[in-house]
Amino acid sequence: MTDLANSFRTQPDERGHFGQFGGRYVAETLMPLILDLEKEYRAAKADPAFKAEFDSLMAHYVGRPSPLYFAERLTEHFGGGQIWFKREELNHTGAHKINNCIGQILLAIRMGKTRIIAETGAGQHGVATATVCARFGLPCVIYMGSTDVARQQPNVFRMKLLGAEVIPVESGAKTLKDAMNEAMRDWVANVHDTFYIIGTAAGPHPYPELVRDFQSVIGKEARAQMLERTGKLPDLLLAAVGGGSNAIGLFHPFLDDPEVAMIGVEAGGHGVETDKHAASLTGGSPGVLHGNKTYLLQDEDGQIIEAHSISAGLDYPGIGPEHSWLHDIGRVKYLPINDDEALEAFQLCCRLEGIIPALESAHALAALPKLAKDYGKDQMILVNVSGRGDKDIFTVADALGAKI
Amino acid sequence: MSRFESAFGKGHPALVCFITAGDGDTAANLDALVAGGADVIELGMPFTDPMADGPAIQAANLRALAKGTTTADILALAAGFRARHPEVPLVLMGYANPMIHRGADWFAAEAAKAGVDGVICVDIPPEEDAELGPQLRGAGLNMIRLATPTTDAARLPAVLEGSGGFLYYVSVAGITGKQQAALASIEEAVTRLKASTDLPVAVGFGVRTPEQAEAIARVADGVVVGSAFIDIVAEHGENAAAPLKELTAALAKAVHNARETVA
């Protein structure tokens, strides 16, 4: 057991800071609500009934625990360490996003809020939010950049089937960042009755903390499953990082296991040396956006630069503040993977494992050609397959020049 | 006496006018506001992600950035304004990231050098004051804070701590340029705020017409108008000075005389 003073798992501090990152950079209108949310979250965390309801929904509605799977053919293919998958793509709604949505909607209900809003990039968080709103009978408005609406039509229709109103956002590059701006504008105008279900481990405190806590079910399960199946902890964890919720969910329960290395995979787009990427740690610098201080893609005047990634879920110029901290202290390494490498890994996983991964998760898989051979056959690499790729088949077909 | 004390000490309510730096012929537009009777100027610093702003000011931000407006350009506009108008208080208003990017000390020193009197930063609440507040105050500038309908009595002391110049009451929980709050709620809020501070209280968000401005000026020390000016710049582009002056004059007349028309 690591003592508290040396633990990586005691962040954030009482003001919501992870080192210099995080915090509460919001308009005054939102501050009282943010403080209320924090108070309510502390109460919920200490309430066994809240945990029981969360756990029950996780088991019977989401379908947890998600399997731990040995990817035998990919392991053979790379000829290095053993490759294992945490199968978050098998969750209800097809991604890890539902874990967080269940937790947040229970908080919203506790706080007496009667209307839910959310932003979405790839549409996975929008679908998960629409799903829990349907399940609990709350009206739901999803903000989505119109570029993403165009490239994620199946998820747009799913959200509508689930009863959500999808509002296309036309500002900026019309992607995730702009959807988040518009959701915050809605929130500030409707704070009295509206709960904002933020989809990633970012935004003003306490969102990065509570999203991480809800998503930590991934790492807690994986840690127990690994020990049970192999008697050991994995040697390396791999997860894609946009805002970073699936990655922090996997990493956090392992942070105090010094023998476990961790790599977060950022979206390198056309390459971090170009102006078309979404690798905010590799290619950005600290700044303030969307309620928190974190690494951002920005110019010399602090104006935010548009991100680019083939994966709509990673197409964001910032990252959750805890990742910024873990990057700065060196506990987690971050590696950019380009669009073409992710596409290659996407296809390889389809053909060798019979699993169509989300393009987000394909970024994590695309680190394997670079890393697997550095590990021995008795060593284990655990990849978070955070979502399924059915939503991405149109984007992939387009990139491969195929007609559907 | 500071410029703010003079501006709010003229014996009538003050008209506070907002335009976005780099949108249209900003120097000429600022002169037009002063010529029309503006008592305080807020110069908006454009940002790529203006989360608290409605469509009009969002568009103004993007127009300014599309023209290549930089932080250096904004400081030069401020310095030029100060040279031409030694008496009119000038406030820079914007979002945290462009203000702290080169370091809050740098920004505070440059703003002070340019003759700026105060700064409004939308997304630095009292809880994050350390990011910018001490640096501004150290450079002799006022950190002008926002109070909102959600700022309750328990929070108000924290909002007032370290704030200066005037207190900006955001009359609606929402974004700029949209609906206006009911007058009764504004009056109640201003009374409550003034019981806790000696700072003048200016009221803004959703104020567009001389009639609205006059009604608010009866109960507040100042009235802030923004989106209505921004709409004029959007419509007239580089030639907005004359219509800006015209609207400012109408607003100034309404605001300055508001208390005299009440029997």
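1. In which sense do strand 9 and strand 14 of chain A pair, and over how many bridges? Strand 9 (residues 236–241) and strand 14 (residues 380–385) of chain A run parallel, joined over 3 bridges. Strands here are DSSP runs of E, at least two residues long, and helices are runs of H or I of at least four, numbered from the N terminus; two strands pair if DSSP finds at least two bridges between them. A:Leu237 has A:Leu382 in strand 14 of chain A as its bridge partner.

2. A word on the basis: this is a predicted model, in which local features need pLDDT of at least 70 and side-chain atom pairs pLDDT 80 or more, while totals for chains, interfaces and linings use all residues. Residues are numbered from 1 along each chain as its sequence is written, with chains lettered from A and ligands numbered from 1 in the order in which they are written.

3. Now the whole sheet: 6 strands of chain A form an open sheet with mixed pairing, in the order 3-4-14-9-10-13. Strand 3 (68–70) and strand 13 (333–338) of chain A each have a single partner strand, so one side of each lacks a neighbour in the sheet.

4. On to the domains, whose bounds come from an automatic or database domain assignment. Chain A splits into domain 1 (18–59 + 97–211) and domain 2 (65–94 + 216–400). Between them, 39 residues of domain 1 of chain A are in contact with 35 residues of domain 2 of chain A (contact: C-beta atoms, placed from the backbone, within 7 Å). Strand 2 of chain A supplies the largest share of the domain 1 side, 5 residues.

Notes:
Two residues are in contact if their C-beta atoms, placed from the backbone, lie within 7 Å.
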